[in-house]
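Here is a short briefing on one protein model. Keep the structure open as you read.

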Amino acid sequence: MRKFVMGEGWVPKKLDVYIDVPDIIDISHMRSNGVQPGEELLPEGASCGNKAEPARPVADEDIVSQLANIGFNYFACQKAAINTSNAGLEEAMNWLLSHTQDPDINEPISQDPMPAEDTIDEASLQTLVSFGFPEDVSRMALKASGGNIERATEWVFSHPEASSSVSADSSTNNVKDDDSHISDGSGRYKLMAFVSHMGTSTHCGHYVAHILKDGRWTIFNDNKVAASVDLPKDMGYLYFFQRISS
């Protein structure tokens, strides 16, 4: 759940929002029923018509306008947004400040289908990889931060979704095509745990876990474990559901 926002001055602010989480969810209606009458599977490796040309990246006009209002050239602002994948104003600003001496920084964007990627310094890339970051994420971070290792490290920590996306792609690529050995199950799941934050802001407090154990909710607070008297189910950050056996 989204429980933090960036306030004025880039200060993280905690959101006191409450989530109406059911004890049981049923996603049976999302289940695939396989090939239906009148449907036909495409043959392996089939392409649909002519191969589409890669789409040109488009700059986020909100980022561009904010940079332009500061006084930067409009074309340079567009390049900053595109080269940081529209990650945000701060990333675009960092890229722009590190490329102000580029001879074509204020030139209109080329109409080529895909602009050439910035050259990534291999030494900087290997440094980030040695920190334990995936290579693909490291490349994205260096590109978004103008090649600065310190800012790239901060970018990785502030964009956890990038690492999650790479991990998901890797997991998908490693899945075997033959899944006939996988047994099906119920589409109903019960809430069995959730994690919540105790504290008034992002700068204090800590996280605790509530787990449904032996038919009752138990709170795990560091090394303290006790029965939960007033269950804060609507204040969770992460919710865990377990499939109900059919």
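K3, K14, L15, D16, V17, Y18, H197, M235 and Y237 line the largest cavity. This is a predicted model: local features need pLDDT of at least 70, side-chain atom pairs count only at pLDDT 80 or more, and totals for chains, interfaces and linings use all residues. Residues are numbered from 1 along each chain as its sequence is written, and side-chain values use heavy atoms, with hydrogens and water left out.

**Cavities**

- A cavity is a set of points, on a 1 Å grid over the protein atoms alone, where a 1.4 Å probe fits but cannot get out; lining residues have an atom within 4 Å of a point.
- Grid points are joined across faces, edges and corners, and a volume is the space filled by probe spheres set on the points.
- The whole structure holds two cavities of 30 Å³ or more.
- The largest cavity has about 50 Å³ of space.
- Its lining divides into five nonpolar, one polar and three charged residues.
- Here Ala, Val, Leu, Ile, Met, Phe, Trp, Tyr, Cys and Pro count as nonpolar, Asp, Glu, Lys and Arg as charged, and the others, Gly among them, as polar.

**Aromatic pairs**

- Rings of Phe, Tyr and Trp (its six-membered ring) pair if their centres lie within 6.5 Å; planes under 30 degrees apart are stacked, over 60 edge-to-face, and the rest tilted.
- By this rule there are seven aromatic pairs.
- Y74 and F75 form an edge-to-face pair, 6.2 Å centre to centre, with 70° between the planes.
- Y74 is partly exposed at 37% relative accessible area, and F75 is partly exposed at 30%.
- Buried means under 20% relative accessible area, exposed over 50%, and partly exposed in between (1.4 Å probe, protein chains only).
- F194 and W217 form a tilted pair, 5.6 Å centre to centre, with 55° between the planes.
- This pair links distant parts of the chain, 23 residues apart: F194 is in strand β4 (residues 188–198) and W217 in strand β6 (residues 216–221).
- F194 is buried at 0%, and W217 is buried at 17%.
- Ring pairs also join F4, Y207 and Y237 into a cluster.

**Helix α1**

- Helices (H or I, at least four residues) and strands (E, at least two) are DSSP runs, numbered from the N terminus.
- In helix α1 (residues 61–70), the buried residues are I63, V64 and L67.
- Seen down the axis, they fall within an arc of 100°, so they line one face of α1.
- The arc is that of the directions from the helix axis to the C-beta atoms.
- The buried residues of α1 pack against α2 (74–83) and α3 (89–98), where contact means heavy atoms within 4.5 Å.

Key: On a 1 Å grid over the protein atoms alone, a cavity is a set of points where a 1.4 Å probe fits but cannot get out, and a pocket is an open set with protein on both sides within 12 Å along at least five of seven lines; lining residues have an atom within 4 Å of a point.
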